[in-house]
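Student: I would like to learn how to read a model like this one, feature by feature. Could we go through it together?

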Amino acid sequence: MSTRRHVRHSTEFKIRLVQSYMAGEGTIKGLARQHGICHSLLHLWIEKYRKGHFDEKDAVVEKVEEYEAKTAALERKVGQLTMEIDILKNLRERTSSPEETPSVVSGPAVFPSSKGAAS
C-alpha cells in the first residue's frame, strides 16, 4: 500500500482543470490521470466550480500571497547579505596595511616565518 502525500493545488490550477473538462477536452478520469490527481477530487472541484466557490478573484488573491511570501524571503536574504558585507568591510578597515587585507577566498595574509624555522 502506498502512502500519498497531501498536495495543495492552486485555485488557478483547479479552475483550469475544471474548465478543460467543461470544454470537452477530456473525461474526468482521463484529465485526473493526466495531471496525477484522483478523479473524485476533480469531480469535487467541478461541483464547487458550478456552485461558484472558485472564481478568478480567489486565484489572484492566492497569487498575491505567494508573491508576498517570496518578497519576504528575498528581503530576509538581502538583510543577511548586507550584514555579511558590513562585517567584511569592518574587517578590512581594521587591517593596518593593504598587504594584510584578507581575501574571501584565501583568508588573511600569511606572515613569513623566521629564517631559522624548520620547514
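Student: Leaving aside neighbours within four places in sequence, which residues is His-9 in contact with?

Tutor: This is a predicted model, and contacts are read from its heavy atoms. Beyond its sequence neighbours, His-9 touches Lys-14, Ile-37, Leu-41 and Trp-45.

Student: Where is the place of His-9 relative to helix 1?

Tutor: His-9 lies in the segment before helix 1, which covers 11-22.

Student: Is His-9 buried or exposed?

Tutor: Burial is judged by relative accessible area, with under 20% as the cut-off. His-9 has 18%, so it counts as buried.

Student: Which residues of helix 1 are buried?

Tutor: The buried residues in helix 1 are Thr-11, Phe-13, Lys-14, Ile-15, Leu-17, Val-18 and Ser-20. One of them, Lys-14, is also a contact of His-9.

Student: Why does the span of helix 1 agree with what it should be?

Tutor: The check compares an expected span with the distance between the end C-alpha atoms. Helix 1 has twelve residues, and at 1.5 Å a residue these should span 16 Å. The end C-alpha atoms are 16 Å apart, so the two agree.

Student: What follows helix 1?

Tutor: Gly-24 follows helix 1, and its phi is positive, near 80 degrees.

Student: At what angle do helix 1 and helix 3 pack?

Tutor: A pair of helices is described by an angle and by the distance between axes. For helix 1 and helix 3 (residues 39-50), the angle is about 90 degrees and the axes are 10 Å apart. Angles of 65 to 115 degrees count as roughly perpendicular, and therefore this pair, helix 1 and helix 3, is roughly perpendicular.

Student: Which residues in helix 1 and helix 3 meet?

Tutor: From helix 1 come Phe-13, Lys-14, Ile-15, Leu-17, Val-18, Gln-19, Tyr-21 and Met-22. They meet Leu-42, Trp-45, Ile-46, Tyr-49 and Arg-50 in helix 3. Trp-45 is also among the contacts of His-9.

Student: How many helices and strands does the chain have?

Tutor: The chain has four helices and zero strands, in the order α-α-α-α along the sequence. Of its 119 residues, 15% count as buried. Among contacts with a separation of 6 or more, 51% join residues 24 or more positions apart.

Student: Where is confidence lowest and where is it highest?

Tutor: Where pLDDT is low, the predicted coordinates should not be read in detail. The chain averages 81, and 75% of the residues score at least 70. Confidence is lowest in helix 4 (residues 56-94), with a mean of 88, and highest in helix 2 (residues 28-35), at 92.

Conventions: Residues numbered from 1 in each chain as written. Predicted model: local features only at pLDDT ≥ 70, side-chain atom pairs only at ≥ 80, totals over all residues. Heavy atoms only, no water. pLDDT = per-residue confidence, 0-100. Helix = DSSP H or I, 4+ residues; strand = E, 2+ residues; numbered from the N terminus. Buried < 20%, exposed > 50% of the residue type's maximum accessible area, 1.4 Å probe, protein only. Contact = heavy atoms within 4.5 Å. Expected span 1.5 Å × (residues − 1). Axes fitted to C-alpha atoms, helices over the stretch in contact; angles between N-to-C directions. Parallel < 35°, antiparallel > 145°, perpendicular 65-115°, else oblique.
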